[in-house]
Amino acid sequence: MDTQAQPQTGHPRRWAILSVLVISLLVVVLDNTVLNVAMSTIADPERGLGATQSELEWAINSYTLVFAGLLFTAGILADRLGRRLSLIAGLTVFGIASLISAYSSSPDQLIAARALMGLGAAAVMPATLSIIANVFDPRERPRAIGVWAGAVGLAVAIGPVLGGVLLEHFWWGSVFLINVPIVVAGVTLVAVLVPESRDPKPGRIDVLGVLMSIIGMTLLTYGVIKGGEDGFGELAAWSTITTGLLVMVAFVLYERRIAFPSLDVRLFANRQFSASTGIIGLVFFAAMGSMFFGAFYLQMVRGYGPLASGALFVPFAIGQIVFAPASASMVKRFGPKAVSTVGLLLVSAALGLWLFIDVDTPIALVAIAFFVQGVGMANVMPPATEAIMASLPREKAGVGSAVSNTIRQLGGALGVAVLGAVVSSVYRGNLTTPAGLPEGATEMARESIAGAYAVAGQAGPAAPALLDGANAAFVTAMHYAAVGSTVFALLGVLVAVLWLPGRKRPEAPAPVAAQEPGLELADA
């Protein structure tokens, strides 16, 4: 009753604006989900680029390195120069980089083009969320963020199936070329519908802080990826991680001392803010790592083509699309602690199901695992994101969205790198190769399951034994990685239980002054 009595402060075209922002978000998320089903094709020497497993990891993580490293900068510049301008510029760069990716002639070119796509995405993601914070009234914002999060699920549904259809009929570059018309439509609609907004008191740009954040996060992410590739005992891995951590510590100390920080680290003194960002990082660490090894399981061990494996990701998206928009009302009824805890427990259960998935397990169990994971994440992301955005004033929305997206991307990158390292090392340790294979072929088979399948094509009578050994070794490695992903999801449960707020108790009604006899029913 009171809510309707208060004036509506949102933009009159806010829902149309939200639909445009969803299109902008779709193209960025779509790209990563499409790449999951294209990996085996890109690895094929005849149909693709002949990329190795490490080159495929770099094709994913070069994007993430630039994305995570520039999100703070992009959020600050969007607040200062204008969010609509940032969104249009980011979409344009993303579209150009997609075109370059589509026509790459080597894995190195693809990796470089993907890094450029990360630059464009870094400008798009924080702009979409900060525009939502500016055009929606705080009372409607949770619903809007629920729709925004549901759009991620929609992209996850469309991406693998669309990628599968394209790969069945066209060359591998079509999975990147499809971004271009979506970008053109997005830029046109943003220019027509989205109002410009910026921080009215932007202050000075923290150049040194921005550089330190880029250098520190880039070194940290690079070190983790390098450790996943060569082992964390290698000098290049642990020295880079150590240097990145030292730079980030220096960044935090510096940001606490200046008047206009690029990241106000004092925000993390807020328990709700810190818990929410921590949960986002943990759940994406677990989820992205599991999707990486899940894609290899479907296409290599089970032998599904791009379209069939893409279709098996759809249950995850259905769970997101159906449940994410309803999460706001669930939070209102039960509180962020209960909703996020249940969501994280569902994610943990889904990841734990991978321990029961073997070489010939009924494929329905994989679909169930993806669906339960989607339902769980649909009830984690919206309340966590809304908690972050609600802790900041509207004009500082870019900072909040930058933190949210940075933690998510870093969590996902670390998940792919760390769980990928687990899969690689356990696979190598458990692979048995048939006698008589040349040394070079044996080494290639030990590098990855994709390498084993490539060797099997030329191994003659030894091929069946090699493939059986490779499949068994990969499934064992996948089980180890599933344990790791489940543990990180359960850490998220612990954070939610300890530090997220519970349901708000209804406020006690104000005492009513004694009324004169006969006036009790005056308002009835």
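Me: How do the residues lining the second largest cavity divide by class?
Reply: Seven are nonpolar, four polar and none charged. Here Ala, Val, Leu, Ile, Met, Phe, Trp, Tyr, Cys and Pro count as nonpolar, Asp, Glu, Lys and Arg as charged, and the others, Gly among them, as polar. This is a predicted model: local features need pLDDT of at least 70, side-chain atom pairs count only at pLDDT 80 or more, and totals for chains, interfaces and linings use all residues. Residues are numbered from 1 along each chain as its sequence is written, and side-chain values use heavy atoms, with hydrogens and water left out.

Me: What volume does the second largest cavity have?
Reply: About 60 Å³. A cavity is a set of points, on a 1 Å grid over the protein atoms alone, where a 1.4 Å probe fits but cannot get out; lining residues have an atom within 4 Å of a point. Points are joined across faces, edges and corners, and a volume is the space filled by probe spheres set on them.

Me: Switching to the largest cavity, what is its volume?
Reply: About 600 Å³. Its lining has 35 residues, and Val29, Asn32, Phe284, Met288 and Gln409 are the closest to its centre.

Me: And by class?
Reply: The lining of the largest cavity has 25 nonpolar, nine polar and one charged.

Conventions: 1 Å grid on protein atoms, 1.4 Å probe; cavity = no way out; pocket = protein on both sides within 12 Å on 5 of 7 lines; lining within 4 Å.
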